[in-house]
Amino acid sequence: MKWIKPLNHCFKVNFDGLVDIYGKVGLGFIIRDHLGILIFMDNGSGANFSALQAETLALSMPIKKIKELNLSIVEIECDNLCLINVLNSTWNCPWNVVDR
């Protein structure tokens with residue numbers, strides 16, 4: 001999968017969450033500008049989440065950082081169709097999302 005840059009003077013977030021066969025969760029994100037220059041990146045871990053919950057938790061991390069850095073025009077890219085459809089109000093969320 002090739003990274004596609006955002007519009008000029010915009011920022012782009014790529015994030016991912018995963019759950020391994022033992023139930024351990026990996027979370028990560030990266031924020032880059034329109035030139036592809038790294039602005040910020042971070043990762044985290046957890047346990048006992050579904051894949052969709054892990055993706056949602058991974059999304060919460062860059063949202064907090066975007067607010068902290070006061071970035072105004074941000075494109076967010078996700079590879080989880082279920083989460084995309086929930087965020088676009090195409091599907092109902094199958095569980096409650098709790099800020100942790």
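Does His9 count as buried, partly exposed or exposed, and at what relative accessibility? His9 counts as exposed, at 65% relative accessibility; exposed means over 50% relative accessible area, buried under 20%, and partly exposed in between (1.4 Å probe, protein chains only).

## Basis of the model

This is a predicted model, in which local features need pLDDT of at least 70 and side-chain atom pairs count only at pLDDT 80 or more, while totals for chains, interfaces and linings use all residues. Residues are numbered from 1 along each chain as its sequence is written, and side-chain values use heavy atoms, with hydrogens and water left out.

## Positive phi values

Most residues other than glycine have a negative phi. His9, which is not glycine, has a positive phi near 65 degrees and lies in the segment before strand 1. Helices (H or I, at least four residues) and strands (E, at least two) are DSSP runs, numbered from the N terminus.

Asn48 likewise has a positive phi, of about 65 degrees, without being a glycine. Asn48 belongs to the loop between strand 3 (38-47) and helix 1, and counts as exposed at 71% relative accessibility.

## The nonpolar core

A nonpolar core is a set of buried Ala, Val, Leu, Ile, Met, Phe, Trp, Tyr and Cys residues joined through side-chain atoms within 4.5 Å. The largest one here has 16 residues, and Phe15, Leu27, Ile31 and Leu83 have the most contacts inside it. Two or more residues come from each of strand 1 (11-19), strand 2 (24-33) and helix 1 (51-69). Helix 1 gives the most, with six residues.

Beyond its neighbours within four places in sequence, Phe15 is in contact (heavy atoms within 4.5 Å) with residues including Gly28, Phe29, Ala58, Leu59, Ile76 and Leu83.
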